[in-house]
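Here are a few friendly notes to read with the model open beside you.

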Amino acid sequence: MILQGIDLQLPAGRWTSIVGPNGAGKCTLLKVLAGLLPRAAVQGEVQLLGRPLAQIPARERARQLAWLGQNEGSADDLTSYDVAMLGRLPHQPWLAPPSAADHAAVEQALRTTQAWDWRHRPLSQLSGGERQRVLLARALAVQAQVLLMDEPLANLDPPHQTDWLHTMRALVDAGGTVVSVLHEVSLALQADDMVVMAQGRVLHQGACDAPATHAALESVFDHRIHVRHLDGMWMALPSLQRKNNNQGIKGVES
Amino acid sequence: MTSVPMDLPTGSATRRAAWRAAWLLLASAVLTVCGASVGSTGFDSVLRMHGDPVAWQIVWDIRLPRTLGAWLAGALLGLSGAVAQGLFRNPLADPYLLGSASGAALGGAVAMAMFGVSPVAAQWMARIGITGMAFLGAAGAVVLTLILARGVQHTLRLLLAGVIVGVVLGALRDLVELASPDILQAMQAFVLGSTAFVGWMACGLMAVAWGLCSVVAWMLARALDGLTLGEATAASLGLPLLPMRAGLVAAMALATGAAVAQTGLIAFVGLAAPHLVRSIVRVTHERHIVLSSLMGAVLLMAADILARWLLAPQELPVGVLTAALGGTYLLWLMHRRTAQCGAL
């Protein structure tokens, strides 16, 4: 059993980040929340905006809940625009071509992630970071109330990580709900709430600026990180012990 | 219906795909004329066909059906290859690697042994019987491959399972041949691949199968687009993957079964056609399937004309020619990719 005794309530209209060491069950929890695991593999119930997730028809669920997975396949032959348009599938009647609203949503999503300029290029011709921005645009194009993301910052450089933070904040300010699994703890601390996991269990859930959350974070990572307040933001810093003895690598002093 | 603004990539892709399709159809028309002209009596038969019953018979009853039969078999194999590569998210997947061609050949052999029919049979029921058994064999082989591979998630396991199923069903086909020596000659033509036995009835059957498979594959093409992003993302988009996969596997099996039943085992067309399309235009599966089908048709038609012309008045089995040309193409593709990786 990967997850045990999970009892979580993730508030609507807020951004929750899920953190924990490798193998904590973060990605599995996110898949359970998205209803992507076989029903036989899940005991218990997930509710989405007050309704049992299993009872919501697949297409309706897809319109309410967008998913951005880790290492999403290799749509190398499709252009960035085609990939982003896949996010509109839940909105399109069967066999109907994309509507004007679909094209508008895709353009907005690609512009939001600054991927509009290479809309004509196939995914195979993009760098890792560029691909990730197109895949994020695909998830944004769904225009769902809830956005679930598994490691959305993979391959993004620091400026685009910052852009991603602003995009998430704008989504939440507009009434959306964001749940993201993140390895970068400092970036995860920019969310509203945090779920701290280890060994398939939820150890703590609380606001990102709460001292109890910081204590849980430091504890789950064996106190090898420290949460500090810097420039108005909470940051997780590695707790490096400087060795001022002769065991370190000797440098040449000039 | 909403029109697509032409400055959007979707609009330009539609234009490009339409142009490629037009070129392939034009090539098909030119090759049809060539196919009707190639033979021991050459173009003379075409010129004299309205006044000479023998020339009419040569062109109308022999050359045209086999030329159009090659087009239809190629179209079926191209479509099947495009569906297989999209469905299994693997550019190496083709109907033969997943065992469906071996299954179709076994089904054809069983039909011949049980009902005493041959590929040259003139009766509709015999033709339908061979096609039906080949379809069942192809579908059964794909299902067996999927069961052995425990789904399509693990590419290596899938390809290995396909190879195993192909070998085992090939051995069973050999046993059927041993038990019924009177089908040996027919099976030899079957295994080498040939359009020599294709008549108007076979063309009719393949045309119906092509129409059915094209409609099903085109309607389910969105599942293939969704699957390019992975299983979880495709499911998150609300796509009913299970029935869609079943429909696509059925279309792939019917296309392979229909082609193999009428022309035997013709290698590499199903693998090469989608690759060639990808190298000239990158579009969604809705258009990729149609273009791959047309490309397969043109490839096999051209190969068939070449097979009839190279050693005229003798002719090569077209399956031998496509295997030689297709193998060379794959080697070139591997060399090019190795060179590109080396350059990187």
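1. In chain A, strand S1 (residues 15-19) runs parallel to strand S7 (residues 193-198), joined by four bridges; Thr16(A) stands opposite Asp193(A) there. Four bridges also link S1(A), again in parallel, to strand S6 (residues 177-181), where Ile18(A) has Val181(A) as its bridge partner. Strands are DSSP runs of E, at least two residues, and helices runs of H or I, at least four, numbered from the N terminus; strands pair if DSSP finds at least two bridges between them. This is a predicted model: local features need pLDDT of at least 70 and side-chain atom pairs pLDDT 80 or more, while totals for chains, interfaces and linings use all residues. Residues are numbered from 1 along each chain, with chains lettered from A in the order written.

2. Five of the five residues of S1(A) are buried (20 or more other C-beta atoms within 10 Å of their own, C-beta atoms being placed from the backbone), so the strand is largely enclosed by the rest of the structure. Trp15(A), Ser17(A) and Val19(A) lie on one side, Thr16(A) and Ile18(A) on the other.

3. Do look at the largest nonpolar core, which has 174 residues; such a core is a set of buried Ala, Val, Leu, Ile, Met, Phe, Trp, Tyr and Cys residues joined through C-beta atoms within 7 Å. Helix H13 (residues 285-309) of chain B supplies its largest share, 14 residues. Leu76(B) and Met206(B) have the most contacts inside this core, a contact being C-beta atoms within 7 Å. Leu76(B) touches Met206(B) itself, with Trp210(B) and Cys213(B) also among its partners.

Methods. A residue is buried if 20 or more other C-beta atoms lie within 10 Å of its own, exposed if 12 or fewer, and partly exposed in between; C-beta atoms are placed from the backbone. Two residues are in contact if their C-beta atoms, placed from the backbone, lie within 7 Å. Lists of a residue's contacts leave out its neighbours within four places in sequence.
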